[in-house]
Amino acid sequence: MTPAARERADLLSLLEKVGPTSDTLCDGWQTQQLAAHLVARERQPAALPGILLPPLHGLTQRIEKHTASRPYEELLATLADGPPLWAPARWTEAGELAEWFVHHEDARRPVDPTPRAADPALDDALWGRLAIFGRVNTLKARGLAITLETPDGRTRTVRKGDQAVTLRGSVTELTLWLFGRRDVAQVEIDGTPEAVSAATQAQIGL
């Protein structure tokens, strides 16, 4: 089982366990809305552009709201069937790992705030993804030179600029930080006060 498939399976197991009204890290969403988002993402092509493009957010939100009106058990059963053959999610393992890992943590952290134990296979896979997402998810941090460092000695510069900032943490915690879960991600930020403030205030993440 790939890391992405394992994250998917573990999230579905958690969603079944906690039910539709458990809190998540996503503002305004309980697990019912999180499950609806995942179903819409895989099953409604019209919902995909609005996930990334602000002008289309409204359309995506309407689709997700409609999907959330379906019974929770039906949403989980749909996710358990996997994406249809035509869906991009069927063929984009790189993007799927980040999606399922982050949303797994979105549902898990309110139940158990403890960071993940080290998982070499997951860490290696996520670290490879951060070569892409580390840069994409910091596009709004203009002027910052951002370097990632992990306790096991990995380093990666994801953005160049005039003000240096170093983010230190495990691969999983760095991933959460870069995807906007900064309130819970256990990441240390090192740099000048101005650079740290800029990094903290920048709308980094998706």
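T147 stands opposite T166 in strand β3, in what is a predicted model, where local features need pLDDT of at least 70, side-chain atom pairs count only at pLDDT 80 or more, and totals for chains, interfaces and linings use all residues. Residues are numbered from 1 along each chain as its sequence is written, and side-chain values use heavy atoms, with hydrogens and water left out.

Strand β1 (residues 144-149) and β3 (residues 163-168) run parallel and are joined by six bridges. β3 also pairs with strand β4 (residues 188-191), this time in the antiparallel sense, over four bridges. Here V165 stands opposite G191 in β4. Two strands are said to pair if DSSP finds at least two bridges between them. Strands (E, at least two residues) and helices (H or I, at least four) are DSSP runs, numbered from the N terminus. In a regular strand, side chains alternate between the two faces of the sheet.

Now for the helices. T172 sits in helix α8 (residues 171-178). T172 counts as buried because its relative accessible area is 4%; buried means under 20%, exposed over 50%, and partly exposed in between (1.4 Å probe, protein chains only). Setting aside neighbours within four places in sequence, T172 is in contact (heavy atoms within 4.5 Å) with F101, R116, L122, D123 and L126.

Q32, in helix α2 (residues 31-43), is buried too, since its relative accessible area is 12%. Again leaving out neighbours within four places in sequence, Q32 touches P20, A68, R70, P71, Y72 and L75. P151 is another story: 119 residues separate Q32 from P151 in sequence, and 36 Å separate them in space, C-alpha to C-alpha.

L52, in helix α3, is exposed, because its relative accessibility is 57%. Together with I51, L53 and L56, L52 forms a nonpolar surface patch with about 340 Å² of accessible area. Such a patch joins nonpolar side chains (Val, Leu, Ile, Met, Phe, Trp, Tyr) within 5 Å, from residues with over 30% relative accessible area and no salt bridge.

How far can all this be trusted? The protein chain averages a pLDDT (the predictor's confidence in each residue, from 0 to 100) of 90, and 95% of the residues score at least 70. Among the elements, helix α5 (residues 72-80) has the highest mean, 97, while helix α3 (residues 48-52) has the lowest, 71. Where pLDDT is low, the predicted coordinates should not be read in detail.

Key:
Patch = residues over 30% accessible without salt bridge, like charges linked within 9 Å, V, L, I, M, F, W, Y side chains within 5 Å. Areas by Shrake-Rupley, 256 points an atom, 1.4 Å probe, with all protein chains shown as cover. Salt bridge = Lys/Arg side-chain N within 4 Å of Asp/Glu carboxyl O.
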